[in-house]
Amino acid sequence: MKQYELLVIYKPNADAEEVDKLIAKVTADAETLGGKSESVEKIGRKKLAYEIQKFRDGFFSSMVLSLPEEKVAEFKRQLRLNDSILRTMFIEKSIKAEV
């Protein structure tokens, strides 16, 4: 399994408890696909650089996930289907070589 870093921006009309539930749902989705959540960091509410879906701010969270490579496309599809998510950035976490 490879490690991936996921940055998610949630809609700002959700309160703190709802954001916690949304983060738990994203980690549960990863676990149902055979992955696991290494770490979760709630960054908080921040102003966006430009308007996304008529929202000027959003709740940010950052996660490190381990997923099987063949399940990445399905996980990204599940993220797109979630109406509470404004934007995601999903990248492979690189392992630095030791010198």
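Trainee: What makes E69 and K2 a salt bridge?

Mentor: In this predicted model, the closest N and O atoms of E69 and K2 are 3.8 Å apart. The criterion asks for a Lys or Arg side-chain nitrogen within 4 Å of an Asp or Glu carboxyl oxygen, so the pair is called a salt bridge. The two residues belong to distant parts of the chain, 67 residues apart: E69 is in the loop between strand 3 (55-67) and helix 2 (72-81), and K2 is in strand 1 (residues 2-10).

Trainee: Why is K2 called partly exposed?

Mentor: The relative accessible area of K2 is 29%. Buried would require under 20% and exposed over 50%, so K2 falls in between and is partly exposed.

Trainee: How do you know that E92 forms a salt bridge with K2?

Mentor: Their closest N and O atoms are 3.4 Å apart, and the cut-off is within 4 Å, so this pair also qualifies. E92 is in strand 4 (residues 85-92) and K2 in strand 1, 90 residues apart, so that distant parts of the chain are linked.

Trainee: Which residues are linked with K2 in a network of salt bridges?

Mentor: E69 and E92 are linked with K2 in that network.

Trainee: Why is E92 called partly exposed?

Mentor: E92 has a relative accessible area of 46%. Exposed means over 50% and buried under 20%, so E92 is partly exposed.

Trainee: How many salt bridges are found in the whole structure?

Mentor: The search finds seven, including one between K36 and E38, with closest N and O atoms 4.0 Å apart.

How values were computed:
Residues numbered from 1 in each chain as written. Predicted model: local features only at pLDDT ≥ 70, side-chain atom pairs only at ≥ 80, totals over all residues. Heavy atoms only, no water. Helix = DSSP H or I, 4+ residues; strand = E, 2+ residues; numbered from the N terminus. Buried < 20%, exposed > 50% of the residue type's maximum accessible area, 1.4 Å probe, protein only.
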